[in-house]
Amino acid sequence: MNVRRPNARRPRLAAGAACLAVALGAVASYAAAPTSPRVGLGPGPIPSSGATPTLVSEPVRVSAYPVYDGRGHRVGTAKWRISPAGGNCCETYVAATRTGRIVESGGTYPWYTDDRGKHWYEVKFDIPDQNDNGKTVAGGEGASVVGPDGSVYGVTWDAYSGDHLQSYSFSPQTKAWAVSEVVMKSPFYDRPWLTYAKGPFTLNGTKVDHLLDVTGGGITKDVDTFSSDGQDYSQPSFFYYDEQQSTNSPRVRIPVTRNVAADWWQPHPGTGTLPLNAGGMLRFNNGEDVSGSKGCPVARLNQATSTWECVSLAGSVRGIVRQDSRGYLTEVYPNGTTELVLATSRDGGVHWSTTTLRPPAGVAQKLETTSLVNVIANGKLKQAVVSSRWDDAAHHGHDMVFRVDISKAKPRLDRTYLVGKGDIQTGNDVTSVTMPRFDYESVVLLPDGKIAVTFVDSTCLQPTTRDPKHDSPEVAILI
């Protein structure tokens with residue numbers, strides 16, 4: 001739903017207590033509140049019945065849109081297979097496994113396709129009916145991330161029929177889905193984000209080989225919960241509190257380590273995190289939501305204690321940053337509103353090489369918002385893809401994907417794909433009450449180099465009871 005966060009100033013300790021009270025208030029009826037941010041775990045997950053994939057009769061169409069070369073010259077068209085594929089009123093979220101499965105999880109239930117969008121399965125599980133997944137209101141909100149063996153982990157917030165948060169996971173070994181109720185959560189768990197991080201970590205006194213970190217909430221997203229299995233998210237974490245306990249800021253360097261899983265576990269930019277190939281996780285540009293106080297520019301999740309600590313980074317990070325399977329870094333950041341910069345580093349962020357990304361001439365002039373950007377880097381393919389939405393003079397949004405060659409030290413723009421007709425205006429959060437919504441970018445790079453991306457235009461019709469001509473983001477898959 002992408003609710004804007006408050007920025008009112010309050011004293012730090014009062015704000016910290018307020019954040020913790022918000023997070024723990026949701027479980028007050030289940031367990032006594034912890035006496036400190038690191039003491040007391042709350043209840044475990046409540047099992048929920050049923051998680052069954054069902055083939056859905058989903059409308060699918062094929063459309064062709066312009067393609068431009070690295071110099072901005074049009075070189076033809078590309079065909080895309082398009083379908084609604086889940087999502088909700090305003091948000092569609094894609095991830096991919098290294099087998100080529102595409103998972104969509106922006107709404108109430110996860111969906112997936114194994115044949116590039118020809119057929120879609122909906123993984124439906126037992127939660128109270130919520131108006132047919134959004135036909136009357138807006139639908140639930142979900143997020144997913146992929147594990148190193150092709151596992152899928154996700155959470156979904158049932159906003160409109162009881163404020164449920166449920167976790168789900170898929171095991172490629174058993175080919176089975178599991179689902180659990182998550183009790184440890186803040187109220188109104190708006191727009192969750194999820195990170196998978198390689199271990200080892202010590203979580204609640206037990207050594208685990210990986211960790212899942214989920215955060216969400218309309219009032220504050222500062223209180224995370226951790227899981228070691230993608231089902232039980234009962235370990236709270238308040239990163240701002242942890243950072244305030246840091247006595248020093250050790251200098252760390254991002255290790256350049258090969259890891260084939262890193263091409264697939266890259267989280268959404270909304271997490272603000274970077275899972276590291278060698279193990280562990282960094283978090284950037286931290287701040288405390290309720291008070292607006294600034295936290296550490298860079299924090300590290302201490303693997304021995306699963307607490308956040310401020311660190312000083314050898315090198316620099318400016319934007320959305322990914323580490324690919326080679327151990328190299330790719331980042332993207334806006335340079336004003338008229339261009340993006342894509343940068344690559346082969347030494348952990350100490351030195352960077354850059355290229356500039358702009359819309360083809362005559363298509364659009366500026367980013368719709370500087371946050372409507374996403375990037376995925378694939379070390380095996382030696383490519384990165386950047387999705388973004390740009391406005392023309394009439395404020396119509398144009399979705400496009402830049403394909404960048406990162407095989408050499410200096411990145412090079414290879415192709416620019418337009419996706420959609422670019423013929424409607426959109427809003428980007430709950431402040432938009434009259435226009436269709438497109439809240440965030442989502443893109444994946446498939447094993448053979450094909451792309452799946454979310455977009456919206458006048459053809460993306462998902463009627464609701466109140467609005468039979470409602471536009472909602474859809475999934476386009478390059479064929």
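Which residues is Arg283 in contact with, leaving aside its neighbours within four places in sequence? The first legend answers this for the predicted model shown here.

**View 1. Arg283 and its surroundings.** Arg283 has its place in strand 19. Its relative accessible area is 8%, so Arg283 is buried. Leaving aside neighbours within four places in sequence, Arg283 is in contact with Asp213, Lys221, Asp224, Phe239, Thr271, Gly272, Thr273, Pro297, Val298, Ala299 and Trp308. Two of these contacts can be described further. The side chains of Arg283 and Asp224 are joined by a polar contact of 2.9 Å. Ala299, in strand 20, is the bridge partner of Arg283.

View 2. Strand 19 (residues 281-284) pairs with strand 20 (residues 298-302) over three bridges, in the antiparallel sense. In general, strands of a sheet pair through backbone hydrogen bonds.

**View 3. Tyr440 between two aromatic partners.** The structure holds 15 aromatic pairs. In one of them, the ring centres of Tyr93 and Tyr440 are 6.0 Å apart. Their planes stand at 80 degrees, so this pair is edge-to-face. The pair links distant parts of the chain, 347 residues apart. Tyr93 is in the loop between strand 4 (74-83) and strand 5 (94-96). Tyr440 is in the loop between strand 31 (412-419) and strand 32 (443-445). Another pair joins Trp193 and Tyr440, with centres 5.3 Å apart. The planes of Trp193 and Tyr440 are at 75 degrees, so this pair is edge-to-face. Trp193 lies in strand 13 (residues 193-203), so its pair with Tyr440 ties together parts 247 residues apart in sequence. Both Tyr93 and Tyr440 are buried. Tyr440 has 5% relative accessibility. Trp193 is buried too, with a relative accessible area of 6%.

**View 4. An aromatic cluster, and charges over rings.** One aromatic cluster is formed by Tyr109, Tyr112, Tyr121, Phe125, Tyr168, Phe170 and Trp177. Arg101 lies over the face of Tyr112, 3.9 Å from the ring centre. Elsewhere, the charged end of Arg389 sits over the ring of Phe438. Here the distance to the ring centre is 5.4 Å.

**View 5. Backbone exceptions.** Most residues other than glycine have a negative phi, and most peptide bonds are trans. The peptide bond from Gly199 to Pro200 is cis, with omega near 10 degrees. Pro200 is found in strand 13. Lys175 is not a glycine, yet has a positive phi of about 55 degrees. Lys175 has its place in the loop between strand 11 (164-171) and strand 12 (176-182). Its relative accessibility is 66%, so Lys175 counts as exposed. His395 also has a positive phi, near 65 degrees. His395 lies in the loop between strand 29 (383-391) and strand 30 (397-405). At 44% relative accessibility, His395 counts as partly exposed.

Definitions and conventions. Residues are numbered from 1 along each chain as its sequence is written. This is a predicted model: local features need pLDDT of at least 70, side-chain atom pairs count only at pLDDT 80 or more; totals for chains, interfaces and linings use all residues. Side-chain values use heavy atoms; hydrogens and water are left out. Rings of Phe, Tyr and Trp (its six-membered ring) pair if their centres lie within 6.5 Å; planes under 30 degrees apart count as stacked, over 60 as edge-to-face and the rest as tilted. Helices (H or I, at least four residues) and strands (E, at least two) are DSSP runs, numbered from the N terminus. Buried means under 20% relative accessible area, exposed over 50%, partly exposed in between (1.4 Å probe, protein chains only). A charge sits over a ring if NZ of Lys or CZ of Arg is within 6 Å of the ring centre and within 35 degrees of the ring normal. Two strands pair if DSSP finds at least two bridges between them. A polar contact is a pair of N or O atoms within 3.5 Å; within protein, one must be able to donate a hydrogen and the other to accept it, and residues adjacent in sequence count only if both atoms are side-chain atoms. Contact means heavy atoms within 4.5 Å.
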